[in-house]
Structures are given as structure tokens and as C-alpha cells.
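Please examine the sequence and the structure shown here before reading further.

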There are 2 protein chains.
Amino acid sequence: MATIKDIAERLGIAVSTVSKGLNGANDISEEMRQLVLDTAVEMGYSSKKIRSRNTTKVCIFIEDRNMDYETIDQFGYELVMGFKLGAASRNWDVTTIPANLTVQTSEKYDSYMLGHGFAGAFLLGFTLHDDWIRQLHKTTVPTVLLDNYIPGNQNVGYVGTDSDEGITLAVNHLVAMGHKQIAFLNGSKNSMVSEERDVAFRKCMRENGIHPDPNLIAYGYYVPDCAKYHVPNFIEHHATAVVCASDLIASGVINELHQMGLKVPDDVSVIGYDDLPIAGQLSPKLTTIRQDRYDLGKSAALMLDGLIHGVSLSKLLLRAKFISRESTKRLD
Amino acid sequence: MATIKDIAERLGIAVSTVSKGLNGANDISEEMRQLVLDTAVEMGYSSKKIRSRNTTKVCIFIEDRNMDYETIDQFGYELVMGFKLGAASRNWDVTTIPANLTVQTSEKYDSYMLGHGFAGAFLLGFTLHDDWIRQLHKTTVPTVLLDNYIPGNQNVGYVGTDSDEGITLAVNHLVAMGHKQIAFLNGSKNSMVSEERDVAFRKCMRENGIHPDPNLIAYGYYVPDCAKYHVPNFIEHHATAVVCASDLIASGVINELHQMGLKVPDDVSVIGYDDLPIAGQLSPKLTTIRQDRYDLGKSAALMLDGLIHGVSLSKLLLRAKFISRESTKRLD
């Protein structure tokens with residue numbers, strides 16, 4: 001494995017300059033610091049340095065355009081708390097960093113991690129197209145992604161809730177209540193989880209002997225507002241129930257149905273996804289598929305621990321749970 | 001949660017008799033002991049009793065018709081060692097039990113676990129049809145299965161190596177070497193892993209623009225001998241390479257090819273699966289897909305720990321690794 005001397009020789013600079021670059025000293029230029037870090041990463045220096053630390057420093061990166069986490073009613077809150085709990089039991093030092101586009105474009109992922117002495121990271125809210133996600137195909141830094149899978153790199157793991165199980169629970173519940181015209185309002189396209197849920201929905205409908213109607217399947221966004229573009233069309237095509245990819249989407253669907261003069265669940269049944277605190281506060285109270293976000297956070301820490309110790313964990317899925325409330329009804 | 005008194009009342013017997021049944025005393029009949037245990041399980045007594053123990057007792061059940069584990073060259077050996085390592089770091093007391101048909105038919109799974117005071121188990125070598133596997137749909141005992149998935153029960157988790165990734169690594173390697181007529185000799189039917197690998201093989205062939213030839217795809221068994229039933233047919237249908245579902249199958253395939261006067265890899269390339277010690281001892285040395293069995297065992301312990309503590313882990317997959325040796329060759 002590369003030493004500081006190797007890096008100095010490769011770059012033709014003094015060992016002391018390399019050392020300053022690696023330790024973030026202020027008396028070298030930003031360009032030189034960056035060059036030292038990038039070279040150190042390229043030469044495989046990172047893990048050696050980080051292994052020699054006494055305290056393991058890890059971080060949570062949150063793409064805050066896509067993931068809210070600051071209050072308990074938001075999806076990311078318990079994820080962060082669960083991860084911190086898992087980290088605490090391992091005596092890790094955790095830093096939470098909003099990783100907006102500026103951070104991602106200013107520095108390479110591996111260089112950032114080495115420069116800050118992080119042994120690993122949990123990444124939340126990144127989509128398949130983010131700069132850093134692209135770099136993860138080659139990273140040497142132990143990294144756990146929520147709801148995103150990177151093929152072929154044993155340093156990267158994926159934690160999530162079993163989408164197939166979640167959608168199956170929702171569809172089977174509605175079918176058991178006599179529904180056949182079941183609509184599915186999905187989340188954003190270009191998301192692995194949305195694609196998995198789409199596949200699961202069609203598969204489960206067919207397993208129940210129902211041909212999935214393309215007019216009743218749509219991609220939206222993870223905000224309530226997306227409902228108004230799709231719900232009228234669902235109703236026009238005789239939907240008697242709507243499965244939603246999040247509780248926020250479901251809240252928009254219920255609102256839109258009310259605007260159209262339809263009652264939930266008397267006229268249309270609605271099922272959410274996630275079981276955010278809002279689910280129990282809606283009117284009617286929302287039947288939903290629970291993702292246990294504390295457990296997801298704890299599982300991410302558990303997975304990161306494995307990756308840091310060279311166990312090449314790839315995928316860790318939690319069970320989805322059916323939470324029965326008041327927003328579905330047997331079809332007359 | 002049920003108490004000893006509740007069980008006594010339900011059965012109309014003395015508390016002391018229930019206590020004897022639960023603690024395996026000799027001075028009550030076997031039928032009474034069984035009745036007490038089954039009733040205790042039914043009334044949800046198990047977890048309470050087991051939680052109050054100071055030492056966590058867990059066990060490894062091995063269906064020894066299907067899984068050899070006694071010497072280091074056998075598939076189960078490192079699985080058991082890895083699990084024991086993971087257990088040791090958690091101060092668990094581990095018992096290894098060959099669970100043949102007699103054990104499975106003499107007692108219900110949950111009753112057996114309660115009767116022996118086990119807080120959880122790691123099950124190896126069970127197939128989808130074993131009696132106990134069927135009972136796992138309802139078990140309340142934290143249980144981890146190798147290569148087997150039970151839907152809908154949050155007490156049961158599945159650990160394995162990513163079949164899709166493993167088969168994709170093998171097929172992509174052969175395609176990159178110019179092979180198109182690639183055969184796949186799978187393991188036994190009625191196994192979740194065999195089915196996953198079948199799906200993965202066909203998918204990966206299509207992704208490489210090759211229509212999978214049904215004449216080149218067969219289910220066998222996890223023994224070398226199965227090769228002789230399929231290899232002649234593969235060769236008749238112009239196979240230039242054979243992907244095998246285990247190193248043992250691959251050893252049989254190489255042997256059969258040699259019997260037919262064909263050279264490996266000059267005439268036909270062969271890839272194994274597992275990376276057992278035998279892979280490096282074959283002639284030619286076998287290129288294969290590695291399942292890290294120590295890590296699988298350690299991951300099973302990690303998953304069981306989660307399940308015992310109420311984290312409903314469902315699936316934990318490890319990376320498959322491509323191990324390049326001498327049994328494949330570029331197609332001229």
C-alpha cells in the first residue's frame with residue numbers, strides 16, 4: 001500500500017507538503033491539497049491512514065433537495081436517528097452533512113472522505129444521476145446507500161425495505177376486499193425503488209388474475225401535489241382503489257378525491273406507503289405500508305460496520321409491514 | 001404474554017407439571033412434555049422465557065442429507081465456523097445439530113426450540129419442502145435461513161450470495177472471451193437459488209444480445225455425477241463453454257469432457273461456482289464464482305442478532321466474486 005513518500009515521489013514534491021495536504025493544513029494552496037488527496041486516493045493510501053485512527057469517524061450525507069430530515073414528521077429524521085444509535089453502540093463519531101450539488105461538484109467523493117478522515121458514509125436521498133453516485137462505481141471507501149444499488153463494487157452496500165413485499169401487501173389487501181380496478185400512483189421515475197415497485201405492482205396484479213391496466217399506473221413525484229395530475233384520469237378509468245408510493249402522495253390523492261366530491265373510503269380506497277406520523281393524522285386515518293426508518297438507520301450502521309471490516313455485504317432488506325387504519329373499504 | 005399459570009389453567013394440570021414439561025424433567029411422560037411445549041408455544045410463552053436467560057443459546061441446524069460440513073473442503077464447514085465466530089463475539093452459546101428427518105418429524109420446530117431453550121437458529125441445507133421449512137411461515141422463533149426465503153414472517157431472515165451478480169460475472173466473462181454458445185448446468189430444481197440463477201442466466205444472455213438456447217440449459221444435482229447426463233447433449237448442441245452451479249458439478253463436467261476426448265479449456269471453457277478448496281486442485285485449475293462462506297456465516301449471526309432484538313431483517317445478500325484461474329479460454 002502507498003506511503004506518504006510514494007505520493008511525494010509520484011508528484012515530485014516534499015513529503016512535508018504531502019503531509020500538509022493530507023492533514024488539511026492552511027499553508028498550501030487549495031489546488032495542491034486537492035492534487036495530494038486525489039493522488040493519495042488513486043494510489044490506495046486512504047484505507048491505511050484511516051485504519052490507524054483510534055476513533056472511527058463516519059458521516060451521513062443527505063442530498064437535501066430530495067430528503068427532509070430535520071423534524072420527526074419527515075422521512076429522513078428517524079433514519080438519521082437510527083444510524084446514530086447504531087453508530088453510538090460502536091463508538092463511532094458521526095457527522096451529518098447536507099451534500100448539495102456544490103459539495104458534490106467541488107470535490108471528488110473519495111478525496112472528500114480522505115481529506116476529512118471519514119472511514120465510511122451513509123448516503124441518503126441521492127438519485128442515480130448524482131455526481132457522487134456515479135463515482136461510487138469505483139470508490140474504495142465503505143459506503144452504504146439507502147434505496148440505491150451499485151453493481152460490481154464490493155465497497156458499496158444497499159439498505160432498504162423490500163419493495164416487492166410492501167406492494168404485495170397493499171395489493172393483496174385490496175384484492176381481498178373485492179377491488180380489481182386498482183390504480184398505482186408511483187414516485188419519481190429514474191429511481192430504483194420506483195422501478196422495483198412498478199414491477200412488483202404489475203406482477204402482484206397478474207398473480208391475482210388481474211391484467212394491470214396501463215391507464216391506472218402512473219409515475220408522479222414524492223409530493224402531494226402530483227395527485228391532481230393523475231387522480232382524475234384514474235377515476236375516469238373506473239379506479240375503485242389507489243395504491244400510493246408515499247403517505248404524502250396519498251394525502252394529495254385523498255385531497256384531490258375530496259375536491260372531486262368523492263369520499264374515502266366509501267367511494268375510493270386509498271393506501272399509502274412509509275407510515276410517516278402524518279398517516280395517523282389524515283382524515284380518514286391512512287392505511288399504509290410501514291418502512292421502519294429507525295431499523296433502516298440501524299441496519300445501515302450494521303452494514304457499514306461489515307464493509308469497514310471487509311465483509312462484502314451487498315444488499316440488506318427489511319420487511320415491509322401492513323398498517324391497517326381507515327382509508328380502505330370492502331367493495332360493495 | 002402467557003405465564004406458566006396460564007398454561008396450567010388451559011391444560012387443567014398443575015403448575016409444577018407445566019414447569020417440568022418446560023424444563024425437560026424426566027418424571028413426566030413424553031406426551032405430556034410435548035403437550036406442555038406445544039401449548040406454551042401456541043400461547044406465546046417462548047420469547048418471555050428465553051429473554052430472561054443470562055446466556056443466549058442459539059443453534060445451527062444442518063440438514064445433513066443436503067449439506068456436508070465436517071471437513072474444510074466441504075461447503076458447510078466455513079459457514080459453521082463463520083457463524084461460530086460471529087456468535088463468539090456476541091457471547092452466544094452455540095450448539096450444532098444435524099436435523100435429519102427424524103428430528104423434524106418427532107417434534108414441531110417451535111416446541112423443539114422452546115424445549116431446548118434456544119433463542120434462535122441458523123438453518124443450513126433445508127429445501128423448500130422440509131417439514132420445518134413449512135412450519136417457518138408461522139414460527140415466533142428468530143431464524144436465519146441460508147439460501148431460502150419465507151414470505152410474510154418477520155421472525156425469519158434469509159442470507160445468501162447475490163445469485164444474479166454471480167451468474168452475470170460468469171456469463172459476462174465468457175461473452176468477453178468471444179463465447180456465445182454458453183451452456184448452464186444448474187443445481188437441483190425446487191431450490192430458490194437454482195431458480196434465481198436460471199432467471200439470471202437467461203436475463204444476462206439476453207442483455208448480451210444472445211438468445212438463450214433451451215438445449216443448453218439444464219437442472220442437475222449438486223454432485224459431479226450429474227454431468228454425464230447433460231454434457232454430451234450440450235456438446236451435441238455446440239456448446240463452447242459451460243457455466244456450472246457448483247465446483248463439484250464443474251469437476252464432473254471437466255471429467256466428462258475429458259472422457260469424450262475434449263480438452264478444457266482448449267475445446268470447451270468451464271466455470272464453477274462456490275470456490276471450494278477443490279477448485280484450485282482440479283486440472284485445469286477452475287475459474288469460478290466465489291461465495292465467501294466465512295462471511296456468510298458471520299452475516300447469519302449478525303442477522304440473527306437483529307431478529308432476536310426485533311429488527312425485522314428480511315434479506316441479506318453478499319457480493320459474488322469472480323476468481324480467475326485456468327479453465328476458460330478466448331474462443332478462436
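The structure is a predicted model. Chain A contains 13 helices and 12 strands. Along the principal axes, its C-alpha atoms occupy a box of roughly 80 × 35 × 35 Å. Of the 332 residues in chain A, 55% are buried.

How are the two copies related? In general, two copies of a chain are related by a rotation about an axis and a shift along it. Here, chain B is superposed on chain A by a rotation of 180° with 0.0 Å of shift along the axis, and the RMSD is 0.1 Å. The two copies are therefore related as by a two-fold rotation axis. Within chain B, the residue that comes closest to this axis is Leu316(B), whose C-alpha atom is at 2.2 Å. The copies meet through the same surface, because 100% of the interface residues of chain B are also interface residues in chain A.

Attention now turns to a single residue. Where does His179(A) lie? His179(A) is found in the loop between helix H9 (163–176) and strand E6 (182–186) of chain A. Is this residue, His179(A), buried or exposed? Its relative accessible area is 2%, and since buried means under 20%, His179(A) counts as buried. The side chain of His179(A) forms a polar contact of 3.4 Å with the side chain of Ser269(A), and it also reaches the backbone oxygen of Lys329(A) at 2.8 Å. Beyond its neighbours within four places in sequence, His179(A) is in contact with several residues, including Leu174(A), Ile210(A), Thr240(A), Ala241(A) and Leu331(A).

Helix H5 of chain A spans residues 75–88. Its buried residues include Phe75(A), Leu79(A), Val80(A), Phe83(A) and Ala87(A). An α-helix has 3.6 residues a turn, so residues three or four places apart point the same way. What covers the buried residues of H5(A)? The cover includes strands E1 (57–62), E2 (93–98), E3 (120–124) and E4 (143–146), together with helix H13 (293–308), of chain A.

Terms used:
Residues numbered from 1 in each chain as written. Chains lettered and ligands numbered in written order. Predicted model: local features only at pLDDT ≥ 70, side-chain atom pairs only at ≥ 80, totals over all residues. Heavy atoms only, no water. Helix = DSSP H or I, 4+ residues; strand = E, 2+ residues; numbered from the N terminus. Buried < 20%, exposed > 50% of the residue type's maximum accessible area, 1.4 Å probe, protein only. Least-squares fit on C-alpha atoms with pLDDT ≥ 70 in both. Contact = heavy atoms within 4.5 Å. Polar contact = N/O pair within 3.5 Å; in protein donor to acceptor, adjacent residues only side chain to side chain.
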